[in-house]
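Let's take a guided look at a protein model, one part at a time. Keep the picture open while you read.

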Amino acid sequence: MRIFSAGDLLSLLSALQWTVVLTLIALGCGGPLALGLAVMRAGRAALPRWIAALLLQLVQGVPLLGLLMFIYFGMPVFLGVDVPALVAVAVAYTIWTAVFLGEIWRGGIEAVKPAQWEAAECLGLTKWQQFRWIIGPQAFRIALPATVGFLVQLVKNTSLASIVGFVELARAGQMASAATFQPLLTYTVVAAIYFAICFPLTTWSRSLEARLNGAR
C-alpha cells in the first residue's frame, strides 16, 4: 500500500498513448469501411443497401461491451489461435467505428441536394467523378461536425477495452487505484485526462457546426 505519486501519474500518461493508438486504429481502419457502408446505404442498388442495413442493425443492436467480449473470446474459438488483446479490441472498435461513422457520412451524402447529382451527370462525369469532385466535398462539409463529435465518443469508449485486459488509460487507472487504495483521487485524475482530450474536440465540433452551418 502506498500513496498516489508522480510515478502513478506518469504511468497514466504512458497508458494514454494506447488510448490514442486504439483511437487512430479505429479511425484508420474503420474510416474506409464507413465510407463503403455510407455509399452502399445512400446508393440506389437494393441489394448493397439491404446488406449494409442488415450489418448496421446487427452491430448497433449490440452494446459495444458485448461486441468486445464476443470478438475477444470468439476469435480464438473461430480461428483456433489466441490473439493479443490489441488485435481483438482493434477489430471490435474498427467494426463499431465503421457502422456508426458510416451512418453519419450517409446522412451527409443524402443531405446533398439531388440537383447536384443531376448537374454533375449533365457534365458527363462518371459516378466516381461525381462523388469525388461534386458530392463528396459537400457531404464532408456537412458531416464534419458530427464526425468530430463521434471522435469524442470514440475516445471515451476506448475505456471499455479495459474489460478484456487491454491496458489503456482506464485500465491503468484501475491498477493505480488498486495499488494506492485511493480510488477517488486516481479516477479524478483519469477523468481530468479524458476531459483534457475531449473538451477541445467538443469545442472544435461546435465551432465547426457554427462555421459550416452543418445543422441547416
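Predicted model: local features only at pLDDT ≥ 70, side-chain atom pairs only at ≥ 80, totals over all residues.

How many residues does helix α2 have, and how far does it reach from its first C-alpha to its last?

Helix α2 runs over residues 46–60, which makes 15 residues, and it reaches 21 Å from its first C-alpha to its last. That is close to the 21 Å expected at 1.5 Å a residue.

Now look at which way the side chains of α2 face. A52, L56 and V59 are buried. They sit on the same side of α2, because they cover an arc of only 75° around the axis. Turn to the other side of α2 and you'll find L47, W50, L54, Q57 and L58, which are exposed. What do the buried residues of α2 pack against? Their partners are α1 (6–42), α3 (64–79) and α4 (85–111).

## What the UniProt record says

The unreviewed UniProt entry places the feature "transmembrane region" at residues 15–38, 50–73, 85–105 and 184–204. In the model, residues 50–73 are 88% helix and 0% strand, with the end C-alpha atoms 29 Å apart. Residues 184–204 come out as 100% helix and 0% strand, and there the end C-alpha atoms are 30 Å apart.

UniProt also lists residues 12–202 under "domain: ABC transmembrane type-1", again in an unreviewed entry. That span is 84% helix and 0% strand, and its end C-alpha atoms lie 22 Å apart.

## The nonpolar cores

Which residues touch the most other members of the largest nonpolar core? Out of 42 residues, the answer is L12, L67, V89, Y93, L154 and L169. Helices α1, α2, α3, α4, α6 (127–157), α7 (169–180) and α8 (183–212) each supply at least two residues of this core. The largest share, eight residues, comes from α4.

Zoom in on L154 for a moment. Leaving aside its neighbours within four places in sequence, L154 is in contact with T23, A26, L27, Y93, W96 and T97. There is also a second, separate core of six residues, and among them are A38, I109, F131 and A139.

## A glutamine in α6

Last stop: Q130, which lies in helix α6. Is Q130 buried or exposed? Q130 counts as buried, because its relative accessibility is 2%. Setting aside neighbours within four places in sequence, Q130 is in contact with W117, A120, E121, L125 and I135.

Notes
Residues numbered from 1 in each chain as written. Heavy atoms only, no water. Helix = DSSP H or I, 4+ residues; strand = E, 2+ residues; numbered from the N terminus. Expected span 1.5 Å × (residues − 1). Buried < 20%, exposed > 50% of the residue type's maximum accessible area, 1.4 Å probe, protein only. Arc of directions from axis to C-beta. Contact = heavy atoms within 4.5 Å. UniProt positions renumbered as here; feature names shortened; annotations may be inferred. Core = buried A, V, L, I, M, F, W, Y, C linked by side-chain atoms within 4.5 Å.
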